[in-house]
Amino acid sequence: MDIRKARSSDAAHLVRFINMAADDLPLHFWRKTVGPDGDPWAFGQERAARETGNFSYHNAWLAEIDGAVGACLLGYAAEEEPGPIESDTPPIFVPLLELEALAPGSWYLNVLATYEAFRGKGLGSALLTHAEAVATAAGHDTISLIAEDTHQDALRLYTAKGYREVARRPVVKGDWDVDASEWILFTKPLGIS
């Protein structure tokens, strides 16, 4: 297995991983953004291929086996002092922003996802360890992540790796079709295994 920085040419992989990690919430948002005549996947790829922004390829790493991309990590520094949530924020995102605000200054692991064919091969664990090394090198003493209550394999992995639940918020579904009922914020002090 090899872990490498993502490149802009990896945008097609990145959007699939980003969407997979959040049970189609990104795709749901991209569809609303581009409208009925737009291509939501192309919109997502444009966002992933850009040079700036949280979902830029600059914030992503890919795990490969024999040259084939199998898993993704995307993360970045959380705000030191989160401001109030804007009144025009779509309600579906409010619980996520509330949870993110509970871990100010942490390194926020936004996406950890593995293609089904690569599951059970240790890529998720390796990327989680890599995320902790990246966070430590960037000077953060805590790493945070948010998971859905329906992602049982991921929840087991995080708990086994020393992440602890901090808070929960109900999932606001609106017209997003998802089984999850809660978002769960986890944190881990770095330097502790």
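A nonpolar core is a set of buried Ala, Val, Leu, Ile, Met, Phe, Trp, Tyr and Cys residues joined through side-chain atoms within 4.5 Å; buried means under 20% relative accessible area, with a 1.4 Å probe and protein chains only. In this predicted model, the largest such core has 57 residues, and those with the most contacts inside it include Leu 14, Phe 17, Trp 107 and Ile 143. In soluble globular proteins, nonpolar side chains tend to be buried together.

Ile 143 touches, among others, Ser 106, Trp 107, Tyr 163 and Phe 186, leaving aside residues up to four places away in sequence; a contact requires heavy atoms within 4.5 Å. Of the contacts between residues at least 6 apart in sequence, 70% join residues at least 24 apart.

The protein chain contains 6 helices and 7 strands, arranged along the sequence as β-α-α-α-β-β-α-β-α-β-α-β-β. These are DSSP runs, with helices (H or I) of at least four residues and strands (E) of at least two, numbered from the N terminus.

Overall values for the protein chain follow.

| Property | Value |
|---|---|
| Span of the C-alpha trace along its principal axes | about 45 × 35 × 30 Å |
| Buried share of the 193 residues | 44% |

Residues are numbered from 1 along each chain as its sequence is written. Local features need pLDDT of at least 70, side-chain atom pairs count only at pLDDT 80 or more, and totals for chains, interfaces and linings use all residues, while side-chain values use heavy atoms, without hydrogens and water.

Notes. Buried < 20%, exposed > 50% of the residue type's maximum accessible area, 1.4 Å probe, protein only.
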